[in-house]
Amino acid sequence: MKAHVSTTINQEPVEFLCDPAETLLKVLRDNLGMTGTKEGCGSGDCGACSVMLDGELVCACLVLGVEAEGARIETVEGVASADHLHVIQEKFLEHAALQCGICTPGLIVATKALLAENPNPTEADARYYLAGNLCRCTGYDKIIKAVMDAAETMRQGEAHE
Amino acid sequence: MSEARAFKHIGQRTIRPDGFDKVTGKANYGADMSMPGMIWGAILRSPHAHANILSLDTTRAEASPDVLAVATFQDFPSVNDAAAAAGTLKSSLMETAENILAKNKVLYHGQAVAAVAARTEAAATAALALIDVEYEPLTPVLTIDAAIADDAPLLHPTMMTQGLLEPATEPSNIAARMELKKGDIEAGFAEAEVIVERSYNTPTVHQGYIEPHATVVRFDDNGPSTIWCPTQGHFDVRARVAQLLNLELGQLKVVASEIGGGFGGKTTVYLEPVALILSKKSGRPVKMTMTREDVFRASGPASASQSTIKIGAKMDGTITAMQATLHYEAGAFSGSPMGPGCMTVFTPYDVENLYVEGFDVVVNKPKVAAYRAPGAPQSEFAAEMAVNELAAKIGMDPIDLRLKNAAKEGTQTIYGPKLKVVGLEACLEAAKNSDHYRSSLGEHVGRGLAAGFWFNIGGQSSVIINLNPDGTGTILEGSPDIGGSRASMQMMAAEVLGIAPGKLNPIVADTEHVAYNQTTGGSRTTFATGMAVIEAAESVVDQLKSRAAAMWNVTAEQVEYSDGVAANLAGEDRLSLAEICANAEKTGGQISGTANINARGAGPSFAVHICDVKVDPDTGKTDVVRYTAIQDAGKAIHPSYVEGQFQGGAVQGIGWALNEEYVYSAEGVMENAGFLDYRIPLASDLPPIETIIVEVPNSFHPFGVRGVGETGIVPPLAAVGTAVAEAIGMPVTSLPCSPPKVLELLLSKS
């Protein structure tokens with residue numbers, strides 16, 4: 001028997017039915033058509049399915065769909081505004097921090113989580129925080145440069161406000 | 001290309017056209033597709049590494065109300081027909097079929113045996129238990145040594161070694177032998193004052209693309225069936241599936257989705273033909289995906305290798321002879337990259353006397369697939385380690401030793417052509433002058449340097465450029481974009497047309513909307529498809545000139561076109577590209593340029609890498625503390641993505657050298673089939689990867705481009721290996737330099 005789940009995804013109320021054994025990743029991708037969150041391993045090792053669950057960075061493949069009940073979920077689809085990209089997304093593009101792009105949604109979500117926790121990370125902080133997000137194309141160099149640049153730009157933005 | 005050319009867009013760091021979709025989650029990869037009425041397929045995989053299939057009974061599955069279709073090897077029409085029975089069918093096709101669904105034997109753990117389709121993914125997976133298979137387990141053959149032993153169990157009881165001097169009389173696990181030679185190897189060694197000889201081995205590794213294989217297929221009786229999949233070559237998917245299922249090419253349409261990494265591993269088919277069989281039988285679109293575990297166990301990793309290198313030299317560093325014996329594991333079916341391994345092993349050196357012998361060996365592991373410069377990292381690892389040992393032995397700087405013997409214009413390669421202008425010496429000089437090479441080393445830190453070579457290829461590419469009435473346009477190409485090549489195509493077209501790159505939208509079209517394109521591989525795309533883009537854009541420029549001429553009532557010869565503006569040489573008239581496009585209807589209709597080429601003259605790319613590692617003497621854990629990748633790009637179209645190729649290749653090579661390996665049980669079961677235990681490099685494992693782009697133009701490309709995608713994975717194995725050897729003061733002969741192995745070396749020393 002399927003479970004009925006009421007949740008919030010990217011600030012919008014969402015209801016869905018799911019098998020109690022289905023992961024949040026499966027629900028997002030196959031039941032709700034939100035395929036921005038990617039599956040790379042299904043075992044919590046690659047971070048391609050990184051989402052925020054009640055303010056915590058999690059792998060959606062390690063969360064059950066039913067755990068979304070009453071929770072607040074944020075996915076890559078909610079990072080940009082209607083009319084402009086988030087600074088992190090802009091910096092990823094500017095620094096060519098992606099090649100194939102399959103790890104990018106997870107890295108964008110994880111970077112946003114990093115900078116919310118620590119607006120002024122060292123490069124080592126960034127490398128360790130993002131160690132759960134595998135990228136096979138870039139060697140991480142340009143990703144870290146993008147993250148550090150985004151952090152600085154966001155700090156300056158706040159200083160000006 | 002005779003003179004340095006001033007570019008407007010080439011060499012800039014533009015924002016890639018497909019970037020917006022990729023940072024927002026809108027880009028659609030293999031598993032992101034769904035179709036109305038779609039059902040799910042699942043694959044039953046072999047629990048044995050080596051076994052005869054005594055019986056395969058799908059009756060219970062077929063009777064299940066949950067199951068909408070079942071597929072086995074018997075569903076391949078082309079391998080069951082008369083040609084196959086008569087043995088005239090190409091064996092490679094038969095082997096491809098058996099690798100997709102086993103025939104009467106399983107040859108590796110995880111090999112596909114049968115498939116089912118059901119309404120949900122869970123139902124499909126559950127229904128696999130309804131397929132009854134009876135196996136007769138056989139002894140697995142898991143290493144080259146075990147495979148070539150006299151009493152080795154045979155994977156293919158009738159396989160005779162190809163390429164022997166005398167035809168083989170007995171079957172064996174050696175599928176093929178090859179020999180390459182130049183000069184007189186014995187004379188070369190006789191001349192030598194110093195000899196270095198050592199054997200090396202490298203493990204089975206995986207490309208490790210983050211996106212697992214996936215496909216959605218809809219069979220259609222009345223029109224072309226559709227295959228959606230992430231692939232490096234959708235035209236080759238079409239050809240392979242058509243061959244396997246006895247279809248005409250026109251009966252298939254293959255759409256290349258966005259691709260989440262390939263590195264050579266997405267150049268063949270696994271799921272696509274099975275999904276088509278299931279779709280035909282069920283009358284429904286079928287989706288199939290691999291799990292990460294499936295990807296490790298049953299897609300194509302890269303060959304494990306064993307190499308013996310012998311080098312003879314004079315004390316002044318002149319190398320007089322180089323000899324290699326190379327064994328490559330092919331996995332379950334013949335066809336390792338032993339050939340390119342043999343061809344590349346000594347190509348960085350201009351040496352008179354060379355001898356290379358290679359062997360393609362089958363073992364009970366998944367059939368290997370291409371992996372970035374296939375075959376070269378293994379053989380060049382061995383050669384570069386030996387060259388570094390020679391440098392140490394004669395007390396010569398490893399760069400000076402290489403400069404003394406470096407391949408250059410006119411060097412006769414062992415595999416055929418003489419080299420044209422190449423950038424190896426320039427890379428070595430850049431390394432020598434680099435801040436990194438001049439820096440000093442700390443305690444427990446070792447430094448290694450290695451060179452690398454990869455051929456690069458050209459081949460067939462087709463491009464259509466269509467201009468809209470407002471002067472924007474599309475570039476239809478057929479090269480799946482695995483690392484940002486659409487940005488390069490956009491820039492090259494913009495350069496020729498003299499307009500902003502953003503005015504042009506590059507599209508990787510499906511097999512019905514652009515003519516044939518060879519697979520994205522061999523570092524060919526920016527070179528060959530780029531050449532087609534340039535040619536199509538030049539054709540557009542010709543049309544723009546004649547359209548402007550028509551508007552001015554002059555001849556096309558009287559019109560000059562530059563920077564996006566046509567000028568009437570007979571007067572003051574000027575028309576922009578957009579203005580000419582706005583009038584296209586009146587001057588002859590749509591402006592559109594096409595190019596269908598078979599590109600020749602791919603320029604080889606050489607690289608030199610420098611690596612510093614720090615080894616923890618208590619644990620053997622090795623950290624790369626500084627790394628520099630130097631490579632000849634010919635001309636960097638988009639420098640950021642060129643650097644990205646250098647960095648990505650370097651880090652894959654670092655992973656290969658330090659951690660990555662398939663760990664097998666005695667039964668032939670891979671014990672680390674996940675990213676937790678098969679450890680690819682993490683952000684926290686690495687320092688910044690410094691890059692130096694060397695530009696020695698390739699005269700066969702209008703802008704000087706050499707492919708840059710693959711060479712970068714070649715030098716790291718020996719650069720890291722040598723650095724570890726120097727840090728611990730012991731020879732390194734076996735990869736990966738994982739903590740237990742390095743610790744063992746350290747303990748054996750004390």
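1. Ground rules. This is a predicted model, where local features need pLDDT of at least 70, side-chain atom pairs count only at pLDDT 80 or more, and totals for chains, interfaces and linings use all residues. Residues are numbered from 1 along each chain as its sequence is written, while chains are lettered from A and ligands numbered from 1 in the order in which they are written.

2. Overall build of chain B. Chain B has 22 helices and 26 strands (helices are DSSP runs of H or I with at least four residues, strands runs of E with at least two, both numbered from the N terminus). Its C-alpha trace spans about 85 × 75 × 50 Å along the principal axes. The radius of gyration is 27 Å, in agreement with the value near 27 Å for a compact globule of 750 residues (taken over C-alpha atoms, with the globule rule being 2.2 Å times the number of residues to the power 0.38). Of those 750 residues, 60% are buried (buried is 20 or more other C-beta atoms within 10 Å of a residue's own, exposed is 12 or fewer, partly exposed is in between, with C-beta atoms placed from the backbone).

3. Contacts in chain B. Among contacts with a separation of 6 or more, 80% are between residues 24 or more positions apart (a contact means C-beta atoms, placed from the backbone, within 7 Å).

4. Domains. Chain B splits into domain 1 (37-138 + 211-260 + 266-298), domain 2 (305-456 + 603-749) and domain 3 (458-599), with bounds from an automatic or database domain assignment. The centres of domain 2 and domain 3 of chain B, over C-alpha atoms, are 39 Å apart. Where these two meet, 18 residues of domain 2 are in contact with 15 residues of domain 3. On the domain 2 side, helix 20 (residues 639-658) of chain B gives the most, with three residues. That side consists of eight nonpolar, eight polar and two charged residues (nonpolar: Ala, Val, Leu, Ile, Met, Phe, Trp, Tyr, Cys and Pro; charged: Asp, Glu, Lys and Arg; polar: the others, Gly among them).

5. The core. The largest nonpolar core has 292 residues, of which Val116(B), Val274(B), Ala493(B), Val720(B) and Val724(B) touch the most other members (a core is a set of buried Ala, Val, Leu, Ile, Met, Phe, Trp, Tyr and Cys residues joined through C-beta atoms within 7 Å). Helix 17 (residues 525-552) of chain B supplies the largest share, eleven residues. Leaving out residues up to four places away in sequence, Val274(B) touches Gly41(B), Ile43(B), Ala71(B), Ile100(B), Leu101(B), Ala115(B) and Met288(B).

6. Strand 5 of chain B. Seven of the seven residues of strand 5 (residues 112-118) are buried, so this strand is largely enclosed by the rest of the structure. Strand 1 (residues 39-45) pairs with strand 5 in the antiparallel sense over six bridges, with Leu44(B) opposite Ala114(B). Strand 3 (residues 67-71) also pairs antiparallel with strand 5, over four bridges, and there Ala69(B) has Ala117(B) as its bridge partner. Pairing here needs at least two DSSP bridges between the strands.

7. Helix 8 of chain B. Nine of the eleven residues of helix 8 (residues 234-244) are buried, including Asp236(B), Arg238(B) and Arg240(B). Asn246(B) follows the helix and has a positive phi, near 55°.

8. Backbone spots to look at. Ala96(A), in the loop between helix 2 and helix 3 of chain A, has a positive phi near 55° and is buried, with 27 other C-beta atoms within 10 Å. Arg372(B) has a positive phi of about 25°; Arg372(B) sits in the loop between strand 15 (353-362) and helix 12 (376-394) of chain B and counts as buried, with 27 C-beta neighbours inside 10 Å. The peptide bond from Leu735(B) to Pro736(B) is cis, with omega near 0°, and Pro736(B) lies in the loop between helix 21 (716-728) and helix 22 (739-749) of chain B.
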